[in-house]
Amino acid sequence: MNKNNIYQFIKNKKQNNQFCFLIIILSLILIVIFKYIGNNFRIYPIIILGFSLCFFTNNYFEYINLKKIIKNDLLLDELKNKILFYSAGYIVTENFIIRYSPIVETVSFKEIIFIHQRKNLEKGGISSYLEIITFTKKKLKFLINTSGIVFEDNVDIKDFSDIILKNNPNVLIGKTEENKRILLEKYNIKI
């Protein structure tokens, strides 16, 4: 991802926020009008308002976090080495995983000591996650595959464990009894 791509993505987030804000205002106006005229359909604007507020809140925080990333020169330079960009939460570069939703945090591939793939049955289908543990005992979870509905056309979801293993071949893979023992003895981490 070059600088222009991240700026375009931030611009799109801002436009989404503006559109969502207009939907929220329209919903509030409809609620007041329906309340005033005593219409039985006032539940629909309330439902639209609820969904709009949820979407707006999530999108707003992602927008703020992306702005933080471009203000950090190290992370902005690292974005030139982008390998994978998942627009719903993280960016994988040659050296880091940069999470921007719900908060900004970076994980160096050198910090990772354990990875495990886990599948969850969710409302929209089956989703696969890559669970990561670092030697600082930080536990992270990243979406790597889903059979559910994806709302954006440019979403690139894939398992990036091979990228981690290429950069750090000492990573323990899977919740085997031996890996559990090694994590407990060497790092004092119980899984």
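Select Phe56 first: in this predicted model, its relative accessibility is 22%, so Phe56 counts as partly exposed. The threshold matters here, because a residue is called buried under 20% relative accessible area.

A pair of aromatic rings is described by the distance of the centres and the angle of the planes. For Phe56 and Tyr60 the centres are 6.1 Å apart and the planes make an angle of 20°, a stacked arrangement.

Now move to Tyr90 and Phe142. Their rings form an edge-to-face pair, with 5.0 Å from centre to centre and 75° between the planes. Tyr90 is located in strand E2 (residues 90-93) and Phe142 in strand E7, so this contact ties together parts that are 52 residues apart in sequence. Are these two residues buried or exposed? Tyr90 has a relative accessible area of 3% and is therefore buried. Phe142 is also buried, at 2% relative accessibility.

Arg99 lies over the face of the Phe142 ring, 4.4 Å from the ring centre. For another contact of a charge with a ring, select Lys141 and Tyr129. Here the charged end of Lys141 is placed over the Tyr129 ring, at 4.6 Å from its centre.

Finally, switch to a cartoon view and colour the strands E5, E6, E7 and E8. Which order do they follow in the sheet? The sheet is open, has 4 strands in the order E7-E6-E5-E8, and shows mixed pairing. Strands E7 (139-146) and E8 (172-173) each have a single partner strand and stand at the edges, so one side of each is left without a neighbour in the sheet.

Within the sheet, select E5 (residues 112-122) and E6 (residues 125-134). Strands of a sheet pair through backbone hydrogen bonds, either parallel or antiparallel. E5 and E6 run antiparallel and are joined by 10 bridges. To inspect one of these positions, centre the view on Phe114, whose bridge partner in E6 is Ile133.

Notes. Residues are numbered from 1 along each chain as its sequence is written. This is a predicted model: local features need pLDDT of at least 70, side-chain atom pairs count only at pLDDT 80 or more; totals for chains, interfaces and linings use all residues. Side-chain values use heavy atoms; hydrogens and water are left out. Two strands pair if DSSP finds at least two bridges between them. Helices (H or I, at least four residues) and strands (E, at least two) are DSSP runs, numbered from the N terminus. Rings of Phe, Tyr and Trp (its six-membered ring) pair if their centres lie within 6.5 Å; planes under 30 degrees apart count as stacked, over 60 as edge-to-face and the rest as tilted. Buried means under 20% relative accessible area, exposed over 50%, partly exposed in between (1.4 Å probe, protein chains only). A charge sits over a ring if NZ of Lys or CZ of Arg is within 6 Å of the ring centre and within 35 degrees of the ring normal.
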